[in-house]
Structure formats: C-alpha cells, structure tokens
Amino acid sequence: MASLLGIVFPVTFPRHGQLPVKTRRRSVVKSSSSSDERQTLFNRIAPVYDNLNDLLSLGQHRIWKNMAVSWSGARTGDKVLDLCCGSGDLAFLLSEKVGPSGKVMGLDFSSEQLAVAASRQKLRGRSCYKCIEWIEGDATDLPFDDCEFDAITMGYGLRNVVDRDRAMREMCRVLKPGSRVSILDFNKSNQSVTAFMQDWMIDNVVVPVATLYDLAKEYEYLKYSINGYLTGEELEALALEACFSSARHYEISGGFMGNLVAVR
C-alpha cells in the first residue's frame, strides 16, 4: 500500500446464476441491517476487487495470503474451509496444499464474489483446483457438521462479521480437535504512528483510486471497519473465549497487517 504504479481496468464476469455456486445454509440468518449493507457492499465491489487488491498492495497481498495458508497447517488429503472466501485467493492456495485428494469448501455471503471465484476456477487447469466447492452461506451459522474440517482460513472477513463471537464459535465447532484456524486481516495497531499511517493511506491513496471506479463510498468504509476491529490481544481473547485451546496473533508487514492463529 505504499505507492501507485498505474491504473487497471475492471473485468466483466458472468452473473451468479450461470456458475456452479451452491446455497447450503442451515438457516437464513440476517442478524441486522448492518449485515445486509455489508453484503450489498461486497456484491458491488466484486468485479474490480482483485484488480484493486493487486494495485493498492503492489501485489503484497499474495505474500500475506500464502503466509495465512501456511499457518493453517493444511496438508495433502485434508478437508479444509476458506471462510468469507471472496473471489477465492485463499481457496486456490488451499487447494494446492491439499491436492486432488483433498477438498476445499469456499463459503461467502456475497453471490457476486462467489461468481467471480467460480469464473476464475474455470480458467485454471491444474487438477487440484477441481476440488473446490463454492457455497453461499453465513459465517455465523455454518452449514457443516461438528469436527468436519482439518483447517480453516479466513482472509479479511472477521472484521466485517457483525457477530464475531458467534462466527468464532462456529469455526471452533466445525474444526477437528487439534486443528487450526488462520485469520488474516488488517491489524488494529496499538502504535499511534502505525494507526496514523493506515488512516492516511486509506484517505490519500485507497479512496482516491476507488473513486476512479465509482467506489469511493465503499472503500471509505475500510477505515471505519479497521477502527472498529479488535487488537491482536483482543482477537486472542476472543478465540480463547470461543473454546480454542490456544491463540496467537502475529503482526506482519510492519504492523499494517495481522494474522491470528488459533488451535481447536
């Protein structure tokens, strides 16, 4: 997020109904209008989401996502879950870890993001990518059995969940004992300089670029969501309260990003 190299153009993707995305919910949960508003936001930014991620992070988000997947401990043959999967970056990386004999479930509440993910999957030739299934669902009411998964990842999702405690408890429920969840997101730093720089970058880099895509309002939300997020210590406490046996939060990229690793 340090500088801009140029401007990229949005790509038009097929609509959700044309792609193999499943809706598999235990129940339809709409906890508040805030949840609906966030769902609408992510549907709207879906067509340009990947382009803006590459542009604004200078490609560094790919490094952070590889780190998150490594911390998950996913191995060949595992059944794993990428929660709030968006356009599928972490799910694709997980599929490379578990291989054709494994299974990856990518779940998100945004049908438009899932449509992008399914479209990207069709363009990838390796056999491991065929093991991914996309599901439209709710992070606070997962449509899976207890102790179903060997690992869970979550990239830039927990910050946007209205009921984080419930989402964390659901992750703990569907994980096998001894397995890990790895949660990547912006870091809410206790350091005033880091917090100031985050706000400055959003106001002076992220939002101006998003304005070129007519998405200024959507990306202005980013600063407020970070300010309303949890610190590393608070995330560790949240995981322990949700039944995880251990939790550790790692600051990365100079404290601008963070990754919570919790063991069931």
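Select Q198 first: its relative accessibility is 7%, so it counts as buried (buried means under 20% relative accessible area, exposed over 50% and partly exposed in between, with a 1.4 Å probe and protein chains only). This is a predicted model, in which local features need pLDDT of at least 70 and side-chain atom pairs count only at pLDDT 80 or more, while totals for chains, interfaces and linings use all residues. Residues are numbered from 1 along each chain as its sequence is written, and side-chain values use heavy atoms, with hydrogens and water left out.

**Around Q198**

Q198 belongs to helix α7, residues 192-211 (helices, H or I of at least four residues, and strands, E of at least two, are DSSP runs numbered from the N terminus). Display the side chain of Q198 and the backbone of N187: a polar atom of that side chain lies 3.0 Å from the backbone oxygen of N187. This is a polar contact, meaning a pair of N or O atoms within 3.5 Å; within protein, one must be able to donate a hydrogen and the other to accept it, and residues adjacent in sequence count only if both atoms are side-chain atoms. Setting aside residues up to four places away in sequence, Q198 touches F186, N187, I226 and F256, where contact means heavy atoms within 4.5 Å.

**The whole protein**

Now zoom out. The protein has nine helices and eight strands, and 56% of its 264 residues count as buried. Among contacts with a separation of 6 or more, 78% are between residues 24 or more positions apart.

Select residues 111-122, helix α5. Its 12 residues reach 17 Å from the first C-alpha to the last, close to the 16 Å expected at 1.5 Å a residue; the expected span is 1.5 Å times one less than the number of residues. The helix is mostly covered, with 11 of its 12 residues buried. Among the buried residues are S111, E112, L114, V116 and R120.

Continue to R124, in the loop between α5 and β4 (132-136). R124 counts as partly exposed because its relative accessibility is 30%. Apart from neighbours within four places in sequence, R124 is in contact with F92 and Y129. From R124 to F92 the C-alpha distance is 9.6 Å, although the two are 32 residues apart in sequence.

**Strands β2 and β3**

Select residues 79-83, strand β2. Four of its five residues are buried, so β2 is largely enclosed by the rest of the structure. Five bridges join β2 to strand β3 (residues 103-108), and the two run parallel; strands pair if DSSP finds at least two bridges between them. Within this pair, D82 stands opposite G106 of β3.

**The nonpolar cores**

Next, colour the nonpolar cores; each is a set of buried Ala, Val, Leu, Ile, Met, Phe, Trp, Tyr and Cys residues joined through side-chain atoms within 4.5 Å. The largest has 38 residues, and V80, V104, I132 and W134 have the most contacts inside it. Two or more residues of this core come from each of α3 (60-72), α4 (89-98), α5, β4, β6 (175-186), α7 and α8 (216-227). Helix α4 gives the largest share, six residues. A second, separate core of 31 residues includes L107, M154, M171 and A242.

**The cysteines**

Show the cysteine sulfur atoms. There is one disulfide, a disulfide being a pair of cysteine sulfur atoms within 2.5 Å. It joins C172 to C243, with an S to S distance of 1.8 Å. The link of C172 and C243 is left-handed, with -100 degrees about the S-S bond. C172 lies in helix α6 (residues 164-174) and C243 in the loop between α9 (232-241) and β7, so the pair ties together parts 71 residues apart in sequence. C172 is buried at 0% relative accessibility, whereas C243 is partly exposed at 42%.

C85 is in no disulfide; its nearest cysteine sulfur, that of C84, is 8.1 Å away. C85 is buried, with a relative accessible area of 7%. For C147, the closest cysteine sulfur is in C172 at 8.7 Å, too far for a bond. C147 is partly exposed, with a relative accessible area of 33%.

**The hairpin β7-β8**

Finish with residues 246-252 (β7) and 257-263 (β8), which pair in the antiparallel sense over seven bridges. R248 has V261 of β8 as its bridge partner. The two strands form a hairpin with four residues between them, and S253 in the turn has a positive phi of about 55 degrees.
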